[in-house]
Amino acid sequence: MSTLLKNIIRFIFFILFQKFILNEVPPLHQFIIPYIYFLFILWLPFSINRLLLLFISFVFGLTLDYFTGTPGLHAAPCVLIAYIRPFLLNLLIPQETAEQSYVEPSHTSMGWAPYGVYVGILTFVHHFYLVLIEWLQFGNFFYFIGKVAATSAISLLMIFIAEILFTRKAKFRTNK
Amino acid sequence: MKNIFLFIQRYFTFFSFLLLQVFAIILLSSSSKTHQSFLASGANEVTGVINHQYSGLRDYFNLKETNRQLAEENARLRNQLADNFLIVDKGKKIFVDSLIRDSLGRYRKYTYLPAKVIGNTVTLQTNFLFVERGINQGAKKGMAVYGTEGIVGVVVETGPNISKVMSLLHRNSKVSAMLKKDNNSGSIEWDGTDPSYLTLKNITKSARVSKGDTVVTSTYSANFPSRLMVGTVAEISSESASNFYTLKIKTATNFSSIQYVYLIENVRYSEQVQLETNPSKNP
């Protein structure tokens, strides 16, 4: 399957999964809404153009926003993590090896520890920014802190489970 | 000038990032105010279709709960019907319990209580239903039982939380009923054969009956409120030796699929039954 087609399917899948399953789960607590939809952005190929990455993320976030009826709320954090992503990848992966030979970030291409840091930081940033925007609208500091912590923790747990359940085949780059 | 272009070119990604951020924030702040945001109508059209499909799917899982709510709501509404209240005869002074008094000066006669059917048979000669409402929840012996489409039976035994209801499909069941058209009354029984047909006996031959006529509970019944649906006339048979018709009635209630019923309490039930059963000593 081509990378483009795979990512289009992922796009649709993550949006629908987030909207119709995770957002529908009866909340355990007011702090906890699990988010894993942004995994789509994390899984985009290494080689993607930075500008394109930003625009794809924006459209992706906005799509979810139109489902939840809050235009801009998810788009802003998506664009933020899309902007940070290349810097983080540059820091975390050893040059010459991973980026050269693998198509997209995964624990097999980067190793568990760097990949964990990569996912962890971007998850936290995403949630921090998302909840910050919410907080600026409604305002309550403990709500803000609690929600960032709880939501990040739950989301990370779910991403971890997703990584274990759905092993992506680490595709090597080929010279075609 | 050249330097400015170089600068922009160099940080183009960063600028587009900022631009998108600002755009998102503007979108967010304006959408919460105007509801007329960028692309909103077109996008809502698309998401609306998907949401509709999804809720259609999800409705199936909520059917049970929805049913329960509707049954409760119906019971509440039925309790407000004017038929449940009697107008007091003011010619005589009587002591009244203020608890059952309505602010219009009328008294409640019937109370509807919803109940879930947890056991039901239609195939035996003596069919009973079990409903989830007992003495603790206000069920009493002799209460009438009404389904959503027509009458079902009479409560015959009550446990603390569960009651046993004698279905109309019981050889000993007997309910007073009348033709809706001209109020000729008779009694509803069951001949033990087909669970979707009852027998209405003792309708005088002076009544003009035709197929399809509606049969409702009579005004004489002690436990049933008057004019509840029983069924429709399916077949008329008259023997020349008798002065009465025997009518085959198609039941309004589908006895094999009853899920929720109402127990109907008549406040004056015991009074009426006592008068009916005890013959007066000084005629």
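Helices α3(A) and α4(A) are roughly antiparallel to each other (an angle over 145 degrees), because they pack at about 155 degrees. Their axes, lines fitted to C-alpha atoms over the stretch in contact, with angles from 0 to 180 degrees between N-to-C directions, lie 7 Å apart. Helices (H or I, at least four residues) and strands (E, at least two) are DSSP runs, numbered from the N terminus. The model is predicted: local features need pLDDT of at least 70 and side-chain atom pairs pLDDT 80 or more, whereas totals for chains, interfaces and linings use all residues. Residues are numbered from 1 along each chain as its sequence is written, and chains are lettered from A and ligands numbered from 1 in the order in which they are written.

Helix α3 of chain A spans residues 50–68 and α4 of chain A residues 75–92. Residues in contact (C-beta atoms, placed from the backbone, within 7 Å) include A:Leu53 and A:Phe58 of α3(A) and A:Val79 and A:Tyr83 of α4(A).

In chain B, 6 strands close into a barrel in the order β3-β4-β7-β6-β5-β14, with antiparallel pairing; strands pair if DSSP finds at least two bridges between them. The twist averages 45 degrees from one strand to the next. Strand β5 (residues 144–146) is joined to β14 (residues 260–266) by 3 bridges, and B:Tyr146 stands opposite B:Tyr262.

Between the chains, 17 residues of chain B are in contact with 17 residues of chain A. On the chain B side, α2(B) gives the most, with 10 residues.

Conventions
Contact = placed C-beta atoms within 7 Å. Parallel < 35°, antiparallel > 145°, perpendicular 65-115°, else oblique.
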